[in-house]
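Hi everyone, thanks for coming.

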Amino acid sequence: MAAPRAPLHLVAPRWNAGTRGIRGLSRAAAPEGNQKKGRSLLQFLADRFYDVQALREYLLRKQAWKMHQKNRPFTYIRERYGPYAAGAYFILKLGGAVKFQGKEWIRSNARGHFSLDFLKLQTVPVEAVDASGCAVNYQGLDSLLALKELQVLWLQRCPHVDDWCLSRLHPLASSLQELSLAGCPKISERGLACLHHLQNLRKLDISDLPAVSNPGLTQILVEEMLPDCKVVGADWARGLKVGQEEQYQDITSPIPA
Amino acid sequence: MLRTASWPRWGRTLLARGLGSRRGGSAPDQNGKVSEIKKKIQSVLPGGAWNPLYDTSYLPPEHSDVVIVGGGVIGLSVAYWLKRLEKPRGAIRVLVVERDHTYSRASTVLSVGGIRQQFSVPENIQLSLFSIEFLRNINEYLAVVDDPPLDIQFNPSGYLLLASEKGAALMESNVKVQRQEGAKVCLMSPEQLRNKFPWINTEGVALASYGMEHEGWFDPWCLLQGLRRKVQSMGVLFCHGEVTRFISSSNHMETRSGEEVTLKRIHEVHVKVDHSLEYQPVECAIVINAAGAWSGQIAQLAGIGKGPPGTLQGTKLPVEPRKRYVYVWHCPQGPGLETPFVIDPSGVYFRREGLGNNYLGGCSPTEEEEPDPGNLEVDHDFFQDKVWPSLAQRVPAFETLKARSSWAGYYDYNTFDQNGVVGPHPLVINMYFATGFSGHGLQQAPAVGRAVAEMVLQGHFQTIDLSPFLFSRFYLGEKVQEHNIV
């Protein structure tokens, strides 16, 4: 085996910080305690003026609304050009890439523009989607699930892909062969458990998921669940390191017998 | 001269009063003056225990538009939807009265936390579908500025209901209803079942229904805390106490056919403070009975069921506490990560708990061997005699299981038809019910809260029509038959 490497980090550590916050709350932590930490001026103002409070609530709602807008389905394109074009348009609009069967990858340029030539390929199915880093959420998966012949789906570092989304992938079970979830900050072992629907899966990348509590154990359990599938997890390097340390201790420790 | 001397004193008392009122009525005791004044007053009025400067911050307010009895997940959900659907902001004042703020005996936190759509009554399926949508978007519904997002730890593993030959036809028709309502449920033959879950013994199974989406289990405590946090930020008042008495007035009226009807209206709720004899009458317009397993007692306090049997006055709220055990066991050879929430035809259920081959499950006892609901002690023989044999028969790997721990909780069991009671009482006109869900209250709470809030604010159901769940069905004898009660 190769020398132990530092674990491959696809994600900047700020995601880790965010998810720790998410996980920390679910246990018995009292909500009052959290409020007292790190009070800012804005919080001070929000506590004392209803206007500021209302404004902040409005901004919070607007954030969620923006997410909805980004993920709304393109009904017009779907009716006019069919589900494949609509799915491709949706992904390209979010900044991802698509590959129609027998064609090249289509990607948007640095400014977010892309050519609309693919709208002519109405009957050609989409076989691969690269939605890495896109703001796809549960609602946006509607457009992806209409792509019945999808074989490869990359959802690396998608900040809004969570366990609920994974539970929705079962309509793609007959076609999907490769799935990458590496670096998604919201995916935990609970969502991975429902990937057993995807029986045709050949390759699954679950490396670097910060919300998974026991990455090594989870990988073993996922491998057991999907016996025909090659499961990639970044955790092999960490596991190797622990093993070597134990070996080292064994050698140094005096043998009683 | 006199004026200048009196000025500072005025200023100081005003300041002291201002401080006191801002702290919500707590006694400003920092500059021994107050206690001095108290002593003076006591010397002027000897013998009397009259204490004008008295800390009453722990008492509930004297007036509240809506009093919700029970601060479990249903009560909080009603409070949430009342505050959310009210038209001008802060229009109604809502008070939640909870007896046990540690929730040590509350059904919410002692439940297994499952959510499913595999019911037979369309209303139950709709309630569950609404709730799953709520849970999915929980961070939009229950978002509080500056607080971290909630993680309700939803396990989307689905429910697997098994049916024997006798129940297969019923299951088929149920699944048809579920699909019509929009649930993603598929039917499986024993052969398919063996392929998908090789650890299951399909002996005696004729058909299985499996929820593909929207089903699983979650952390009830997190939902409760999230609701509590949100509701508090919306200005709902909380009170730690017990409702002991309702003050109501009666109105004799006559129907068009000449029948005499006595309509009651609750004016005051007496809230007794914990560990004390002190109580506070709270004037209110509407009382919501969300006391879960104890809602039958609350209804009795309001005079529901006091009357000749067979009449509407004499119809009791048929909700009583029933004790249910949950056992946790460990089984290294047990089913893996894909394990759904399995419900056997015998009534035994189990699910995976965490990753370490731990499972939890239980079974509802029959009507004859119902345990005494007075305490929450666990009967371990019940596991040995009733639960384990069925488990081992269904999943052969469970023959070598090792019981780890157990707990007991209450069902708010509706003895009439095991379904919820929602909406106003026909005679006690300002008491609304949100209770009696017989074990699926947690999963339907978000939707039930909305339905009750609509009933209170609009006078009719808007989102989901729950009119089959009204109280009058107990008098009319119309049972809502739900076949999938576990």
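Let me begin with a question: which residue of chain B forms a salt bridge with A:Glu57? The partner is B:Arg89, and the closest N and O atoms are 3.9 Å apart. By salt bridge I mean a side-chain nitrogen of Lys or Arg within 4 Å of a carboxyl oxygen of Asp or Glu.

Some ground rules before we go on. This is a predicted model, where local features need pLDDT of at least 70 and side-chain atom pairs count only at pLDDT 80 or more, while totals for chains, interfaces and linings use all residues. Residues are numbered from 1 along each chain as its sequence is written, chains are lettered from A and ligands numbered from 1 in the order in which they are written, and side-chain values use heavy atoms, with hydrogens and water left out.

Let's meet the two chains. Chain A has eleven helices and seven strands, and chain B comes to 13 helices and 17 strands. Helices (H or I, at least four residues) and strands (E, at least two) are DSSP runs, numbered from the N terminus. In chain A, 47% of the 257 residues are buried; in chain B, 53% of 486 are. Buried means under 20% relative accessible area, exposed means over 50%, and partly exposed is in between, using a 1.4 Å probe and protein chains only. The C-alpha trace of chain B spans about 100 × 65 × 45 Å along its principal axes.

Now, where do the chains meet? On the chain A side, 38 residues are in contact with 37 residues of chain B, contact being heavy atoms within 4.5 Å. About 3400 Å² is buried between chain A and chain B, and carbon and sulfur atoms give 59% of that area. Buried area here is the accessible area (1.4 Å probe) that two parts lose on being put together, summed over both. The count between the chains is two salt bridges, the pair of A:Glu57 and B:Arg89 being one such bridge. There are also four residue pairs in polar contact between chain A and chain B, both residues being at pLDDT 80 or more. A polar contact is a pair of N or O atoms within 3.5 Å; within protein, one must be able to donate a hydrogen and the other to accept it, and residues adjacent in sequence count only if both atoms are side-chain atoms. Which helix gives the largest share of the side of chain A that touches chain B? That is α4(A), with seven residues.

Next, a residue I like: A:Arg168. You'll find A:Arg168 in the loop between α8 and β5 (178-180) of chain A. Is A:Arg168 buried or exposed? At 12% relative accessibility, A:Arg168 counts as buried. The side chain of A:Arg168 makes a polar contact with the side chain of A:Asp142, at 2.5 Å. A:Arg168 also lies over the face of A:Tyr138, 4.6 Å from the ring centre. A charge sits over a ring if NZ of Lys or CZ of Arg is within 6 Å of the ring centre and within 35 degrees of the ring normal. Not counting residues up to four places away in sequence, what A:Arg168 touches includes B:Glu213.

B:Asp344 lies in the loop between β12 (341-343) and β13 (349-353) of chain B, and B:Asp344 is buried, with a relative accessible area of 9%. Its side chain makes a polar contact with that of B:Arg394, at 2.4 Å.

Last topic: aromatic rings. The whole structure holds 31 aromatic pairs over all chains. Rings of Phe, Tyr and Trp (its six-membered ring) pair if their centres lie within 6.5 Å; planes under 30 degrees apart count as stacked, over 60 as edge-to-face and the rest as tilted. Why is the pair of A:Phe74 and A:Tyr89 edge-to-face? Because the planes of A:Phe74 and A:Tyr89 are at 90°, with the ring centres 4.9 Å apart. A:Phe74 sits in the loop between α4 (50-70) and α5 (75-81) of chain A, and A:Tyr89 in helix α6 (residues 83-94), 15 residues apart. Both A:Phe74 and A:Tyr89 are buried. In chain B, B:Phe416 and B:Phe474 are edge-to-face as well, 5.1 Å centre to centre. That pair ties together parts 58 residues apart in sequence.
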